[in-house]
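Biologist: Could you pick a single part of this model and take a close look at it for me? I'd like to know what sits around it and how its ends are arranged.

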Amino acid sequence: MAGDIPDLGTMRLALTLADAGDLSVAGKAAGVGRRTAAARIAQLERQTGAVLFDHSGKRVRLTAAGEAFIGEARLALAALDRAERLAREVAEPSDIIGIGAIPDALVSVCRDLLDDPVWRDEGFAVRLHPLSREDQTQALAEGRIALGFVAAPLPVLPRLSSRLVATSKWSAVVPDAEARLRKTASLSNLARKPLVMLDRVAAPLAVDGVIAALGATGARPAIAQEAPDWTGVMALVALGLGSALVPSAVAKRVAVQGATVMPLVEAEDLPPWTISAIWLPQPTGARAARAIQIVRARPD
């Protein structure tokens, strides 16, 4: 009957079915057989008043109504998981602070945070999780981390708060052999040579900005290689596969034999690389709430 609230087990079954596309697989994960799983999904569809799954093909697929339902169901179940975690943490306080970070934040922002005397004096037991922006969003929603550090664009999540915590200018990173020929690098010079670029999925705004700046010189940038993080970009440069623009905060802290960090002539003209902290509300007095307070109070 439309309007009834589905039980949590059936909602989790529906999420598994949406991911697996197979009733037998989803049923096995829920500890039931295929027929029982099918009956529970049918009951869920009666409760919601909409057909959520298309069973006509070899693989079970979501309908348009199913896409809408599953998206919200994920958020609802994540919120429930987070509520349970918060309740346990209030009942049994822990010094463990889960922090998510994109790989490049680990060598810059996270290092600065863990070296901060104010943070060290609190005696937090930090558990770092190298995660993408999307995975940090899910981990925050489920309560697996209390803080995240991401590059723009910021994720969208109800009640999510954020603060810009670091900005960085850009440096050129070139193979050692090329560095012997000059003391500085320019956009026009870089734009006319093979480039090593960060995978756009990791930081679309930054990558688009770099490509636009190089293109503004009148050349058409030729991307020879891509890497999932800036450290990987520098490693590819060291192999002689191209040159790159890398945030100075990362380039100056990651030494890769074979790659030389050089000043960029137009560094002041480029939009900075930024890292923001993201978090969800925490119970008053919780250790996680104190950790967030420290991050919010830190200077840029």
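Modeller: Let's take α2, whose buried residues are covered by, among others, α1 (8–20) and α3 (34–48). Bear in mind that this is a predicted model: local features need pLDDT of at least 70, side-chain atom pairs count only at pLDDT 80 or more, and totals for chains, interfaces and linings use all residues. Residues are numbered from 1 along each chain as its sequence is written, and side-chain values use heavy atoms, with hydrogens and water left out. Helices here are DSSP runs of H or I with at least four residues, numbered from the N terminus.

So which residues of α2 are buried? The helix spans residues 23–30, and Leu23, Ala26 and Gly27 are the buried ones. Buried means under 20% relative accessible area, exposed means over 50%, and partly exposed is in between (1.4 Å probe, protein chains only). Those three are on the same side of α2 because they cover an arc of only 100° around the axis, taken from the directions from the helix axis to the C-beta atoms. In general, an α-helix has 3.6 residues a turn, so residues three or four places apart point the same way.

Now the ends. After α2 comes Gly31, which has a positive phi, near 80°.

Definitions and conventions: Helix = DSSP H or I, 4+ residues; strand = E, 2+ residues; numbered from the N terminus. Contact = heavy atoms within 4.5 Å.
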